[in-house]
Amino acid sequence: MAQNLSQPLLCRVIQLTAALEERTASEAVFSRPNEVEGGSKVDSGSKATAVYIDGYNLYYGRLRGSPHKWLDVVTLFDQLVRVQDPSSVVHKVHFFSAPALGQFASHGESSVAAQESYHRALENRHPERFMKTLGAHAYDKHGTALPLFIPGAPYDRALTARVWRLVEKKTDVNLALAMYRDAVAGRFRQLVLCSNDSDAEPALAAIRVDCPSVMIGVVTPVRPPDAGDRRRVSASLARHAHWTRHHILDAELDAAQLPDCVPTRRKPVLRPAHW
């Protein structure tokens, strides 16, 4: 039947179905007294969990070059934390990234539009649990002078070349502050970091000291070793975690993809063609 429907009509059918499911889900909340909203104090019946995702690390560590970019991160971490501890319930997924710059992106302005569509899809799919914080990219419009590498020759600071050097700003700080503030406010019993960037170590160390009752988990966004990924889990992050997930499986990403058409109150969000 779906093959005979035009795309706008199919999107409308999906939108109405999603609205009915959302209404049913909202009514069911009243029968689950242990679950609370992300901004309130936690109950003792379940392990209320917040997830903090370094979007840059997730993309370049696990999603780039894969067919899994249209990833529903809320559904993914619903699955991952339950496997770790069935009593865990994800109440918030906080996504940290920076806006794509068309002049540096593989698909130009299409990459910018794709990122915006992705964020809007997640915000509409999980309006109560997904939130994003965007930093910025910085670069020198005249290029950055960096030392040349010449095989077999020693380092020579006088030999340089100007290159385009794109630097993501504020993401690490924003993520660390959000984790620490949620910890000291006692909003969640468990905080899960998705990153392999050791820059987050000071935040984890501070939480362990200042909030010893808060459990910390780390999910490393890399491929399994048998997939040829030789990157190691950050030992500095694992040192401060109560548990560490060393990779994310393809099957887990497959099971957590957004629908190709995500309904909104206005125009539906479609999966980007090059994703």
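Helices (H or I, at least four residues) and strands (E, at least two) are DSSP runs, numbered from the N terminus. The model is predicted: local features need pLDDT of at least 70, side-chain atom pairs count only at pLDDT 80 or more, and totals for chains, interfaces and linings use all residues. Residues are numbered from 1 along each chain as its sequence is written, and side-chain values use heavy atoms, with hydrogens and water left out.

**Exercise 1.** Describe the protein chain as a whole by its secondary structure, burial and contacts.

Solution. Begin with the secondary structure, which comprises eight helices and 12 strands. Next, take burial (under 20% relative accessible area, 1.4 Å probe, protein chains only): of the 275 residues, 39% are buried. Finally, consider contacts (heavy atoms within 4.5 Å). Among those with a separation of 6 or more, 78% join residues 24 or more positions apart.

**Exercise 2.** Determine how the axes of α5 and α6 cross, and identify the residues that meet.

Solution. Axes are lines fitted to C-alpha atoms, for helices over the stretch in contact, and angles run from 0 to 180 degrees between N-to-C directions. The axes of α5 (residues 171-185) and α6 (residues 201-210) come within 9 Å and cross at roughly 10°. Angles under 35 degrees count as roughly parallel, so α5 and α6 are roughly parallel to each other. From α5, Ala-176, Met-179, Tyr-180 and Ala-183 meet Ala-203, Leu-204, Ala-206, Ile-207 and Asp-210 of α6. This contact has eight nonpolar, no polar and one charged residues, where Ala, Val, Leu, Ile, Met, Phe, Trp, Tyr, Cys and Pro count as nonpolar, Asp, Glu, Lys and Arg as charged, and the others, Gly among them, as polar.

**Exercise 3.** Characterise the largest cavity by volume and lining.

Solution. On a 1 Å grid over the protein atoms alone, a cavity is a set of points where a 1.4 Å probe fits but cannot get out; lining residues have an atom within 4 Å of a point. By class, three are nonpolar, one is polar and four are charged.

**Exercise 4.** Which helix gives the most to the lining of the second largest pocket?

Solution. A pocket is an open set with protein on both sides within 12 Å along at least five of seven lines. At least two lining residues come from each of α2 (55-63), β2 (88-97) and α4 (109-125); α2 gives the most, with six.

Key:
Angles under 35 degrees count as roughly parallel, over 145 as roughly antiparallel, 65 to 115 as roughly perpendicular and the rest as oblique. Grid points are joined across faces, edges and corners, and a volume is the space filled by probe spheres set on the points. Buried means under 20% relative accessible area, exposed over 50%, partly exposed in between (1.4 Å probe, protein chains only).
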